[in-house]
Amino acid sequence: EAAADCTSTRVEWLGYSGESRGGEPLGLVWPVHGFNDDGSYAMATSAHGEIVTNLILLLGGLIDRDVWKLESQTCEVGLPTGRLRFPDVAIACRPGRYAPHPEGKELVLLNPAIVIEVLSESTEEVDLEDKPADYLSVPSVTDYVVIDQDRHFALHHRRSAEPGPPHWDVHRIEDRSAVVM
């Protein structure tokens, strides 16, 4: 229902709202590309698309494709809470593990190792405030990288190896020649 006015808008599943209509449970969703100031759905920009394309091309040439599976914006990541997130790029150790699907399709990835988001003005708050905790809840995720398309910086969240509750060690990268490892 949240995307009824714009059927081409993909939404991330955030869970059940606790409400129902006609006996059917209602859920909470968030448009993948966020909202404009006027409340309408925001779509990805050309710069966003170019960064994602460049990441796919770069990573596709760097990773061992027999060991790693590279996913792009068509992939959903399933969280332990039942939420679904659509990262811009995800890398999983092969074989990828997927949630059961009635038609056997591999749509909801359960074991991403690296998740990458490209910030947009409309998704910045969710990408920086909500998604780090969501991705930290997935035991297989070791790295969460957020790339700002406008201000030319990246945040590299790396799962801490320290004992205790899981948390991210976060590094801000502003040097355009830096390498994220």
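Residues are numbered from 1 along each chain as its sequence is written, and side-chain values use heavy atoms, with hydrogens and water left out. Because the model is predicted, local features need pLDDT of at least 70 and side-chain atom pairs count only at pLDDT 80 or more, whereas totals for chains, interfaces and linings use all residues.

The chain contains 2 helices and 11 strands. Helices (H or I, at least four residues) and strands (E, at least two) are DSSP runs, numbered from the N terminus. From the N terminus on, the order of the elements is β-β-α-β-β-β-β-β-β-α-β-β-β. Of the 181 residues, 40% count as buried; buried means under 20% relative accessible area, exposed over 50%, and partly exposed in between (1.4 Å probe, protein chains only). A contact is defined by heavy atoms within 4.5 Å. Among the contacts in the chain with a separation of 6 or more, 48% are between residues 24 or more positions apart.

The largest pocket has a volume of about 1000 Å³. Two or more lining residues are given by each of helix H1 (46–62), strand E8 (112–119), strand E9 (143–148) and strand E10 (153–159). H1 supplies the largest share of the lining, with 7 residues. By residue class, the lining of the largest pocket holds 20 nonpolar, 4 polar and 6 charged residues. In this division Ala, Val, Leu, Ile, Met, Phe, Trp, Tyr, Cys and Pro count as nonpolar, Asp, Glu, Lys and Arg as charged, and the others, Gly among them, as polar. The search runs on a 1 Å grid over the protein atoms alone: a cavity is a set of points where a 1.4 Å probe fits but cannot get out, a pocket is an open set with protein on both sides within 12 Å along at least five of seven lines, and lining residues have an atom within 4 Å of a point. Grid points are joined across faces, edges and corners, and a volume is the space filled by probe spheres set on the points.

Strand E6 (residues 89–93) includes Ala 90, which counts as buried because its relative accessibility is 0%. Beyond its neighbours within four places in sequence, Ala 90 is in contact with Lys 69, Leu 70, Glu 71, Leu 109, Pro 112 and Ile 114. The C-alpha atoms of Ala 90 and Val 77, 13 residues apart in sequence, are 8.5 Å apart in space.

Arg 94 is placed in the loop between E6 and E7 and counts as partly exposed, at 38% relative accessibility. With neighbours within four places in sequence left aside, its contacts are Arg 65, Asp 66, Val 67, Trp 68 and Lys 69. Val 67 is 27 residues from Arg 94 along the chain, and their C-alpha atoms are separated by 5.4 Å. The peptide bond from Arg 94 to Pro 95 is cis, with omega near -5°. Pro 95 lies in the loop between E6 and strand E7 (108–109).

A positive phi, near 55°, is found at His 152, a residue other than glycine. Most residues other than glycine have a negative phi, and most peptide bonds are trans. His 152 is in the loop between E9 and E10 and is partly exposed, at 45% relative accessibility.

The count of aromatic pairs comes to 1. The rings of Tyr 135 and Tyr 144 have centres 5.0 Å apart and planes at 50°, so the pair is tilted. Rings of Phe, Tyr and Trp (its six-membered ring) pair if their centres lie within 6.5 Å, and planes under 30 degrees apart count as stacked, over 60 as edge-to-face and the rest as tilted. Tyr 135 is buried at 0% relative accessible area, and Tyr 144 is buried at 0% relative accessibility.

Charged groups also lie over rings. Arg 159 is over the face of Trp 168, 5.7 Å from the ring centre, and the charged end of Arg 172 sits over the ring of Phe 153, 3.7 Å from its centre. The rule requires NZ of Lys or CZ of Arg within 6 Å of the ring centre and within 35 degrees of the ring normal.
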